[in-house]
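Hello,

Here is the structure I promised to pass on to you. Have a look at it first, and then read my notes below.

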Amino acid sequence: MPTLAMATTPFRHLFPSPHFPSSSLRFPPPCFASSPSGFTSRRLALFHLGTVIPQSKLLGGKTSKLFRDEGNILEAATAGNMAQASTAVSEGNVLDWAKSDKRRMLHVVYRVGDLDKTIKFYTECLGMKLLRRRDIPEERYANAFLGYGPEDSHFVVELTYNYGVDKYDIGTGFGHFGIAVEDVAKTVDLIKAKGGKVTREPGPVKGGKTVIAFVEDPDGYKFELLERGPTPEPLCQVMLRVGDLDRSIKFYEKAFGMELLRKRDNPQYKYTIAMMGYGPEDKSAVLELTYNYGVTEYDRGNGYAQIAIGTDDVYKTAEAIRLCGGKITREPGPLPVINTKITACLDPDGWKSVFVDNVDFLKELE
């Protein structure tokens, strides 16, 4: 697999403090489930558009390009799709609508080198359930959905395995996923007993009281364990690094309709975080944006793919994103065969998101 160029921005000031392990990459701080049956949906991971890396790019071979090439997928139907778009509205109306739209983070998508090994780690060590799994041999990939509850009401992970690809570059931009647990020390002991890698032992976060720990999955993706009481959404965070925090906050507020839940500056360790989401942190999955002083660019690698978000109208969503300076990489409209309406975009740092029609999403889960 070709080696990706790393970001040229120096990281000499980003070395972690003793209170946060290098595995957290914040620079610095901070029993088998059986496979469900009866999956007849032909969604084929189409919601994530680009999660499945073309084998021609990874292995040098010739493969089908159907639903594959990121940024150029299914554009032929764009004109027809736009004819179905919602009635044009003013800029102010679109942005106001984005705030009132019925949105929820549906799943986060990323690539792994050994699907069975990763499923075993997530179910045995992290307590997730295997919600569904499917193999698409004609497209040379397989994927699995895991989480702490059904997809129609919980934020879940979507793992994608591309045939013959056993390693990915996570890059320097992706940070970690967050999981809320009632007893961090007990969870860490279980993970150690199962042979998992613990990169930050349990203890209070520096400057606070919340007990945390960091663990690493078989592919090197980091998980922050946060000690909390019972919560309806244990898979609670996705942390990404950005080059201009105020710009990113403004974009996610206006284009995505998210709320700034809290913002915390840590001048001692030269970083600032902002929690963005569609509901309170203790009840909803949130996006944690991290800005490291002086760092404006990161290498996004090729492992992490995107977040999928539900919406009542993909056409208005795309218009709001355009008005806020976002880049649409897949025009809004229905996918062939299954007719699920989606649109895809990039934020100012190049992080990708896919918006999925709420009604169509529920139909696909049936």
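Leaving aside its neighbours within four places in sequence, which residues is Gln237 in contact with? Counting contact as heavy atoms within 4.5 Å, the residues that Gln237 touches are His176, Phe177, Gly178, Glu224, Leu226, Arg228, Met275, Glu281, Val286 and Glu288. Gln237 is buried, with a relative accessible area of 2%; buried means under 20% relative accessible area, with a 1.4 Å probe and protein chains only.

Before you go further, please note that this is a predicted model: local features need pLDDT of at least 70, side-chain atom pairs count only at pLDDT 80 or more, and totals for chains, interfaces and linings use all residues. Residues are numbered from 1 along each chain as its sequence is written, and side-chain values use heavy atoms, leaving out hydrogens and water.

Now the wider picture. The chain has eight helices and 16 strands, which are DSSP runs numbered from the N terminus (helices H or I, at least four residues; strands E, at least two). Of its 366 residues, 57% count as buried.

Eight of the strands form an open sheet with mixed pairing, in the order β2-β3-β4-β1-β13-β16-β15-β14. Strands β2 and β14 stand at the edges with a single partner strand each, so one side of each has no neighbour in the sheet. Two strands pair if DSSP finds at least two bridges between them; β3 and β4 do this in the antiparallel sense over six bridges. Thr329 is found in strand β14 and counts as buried, at 14% relative accessibility.

Enjoy exploring!

Methods:
Buried means under 20% relative accessible area, exposed over 50%, partly exposed in between (1.4 Å probe, protein chains only).
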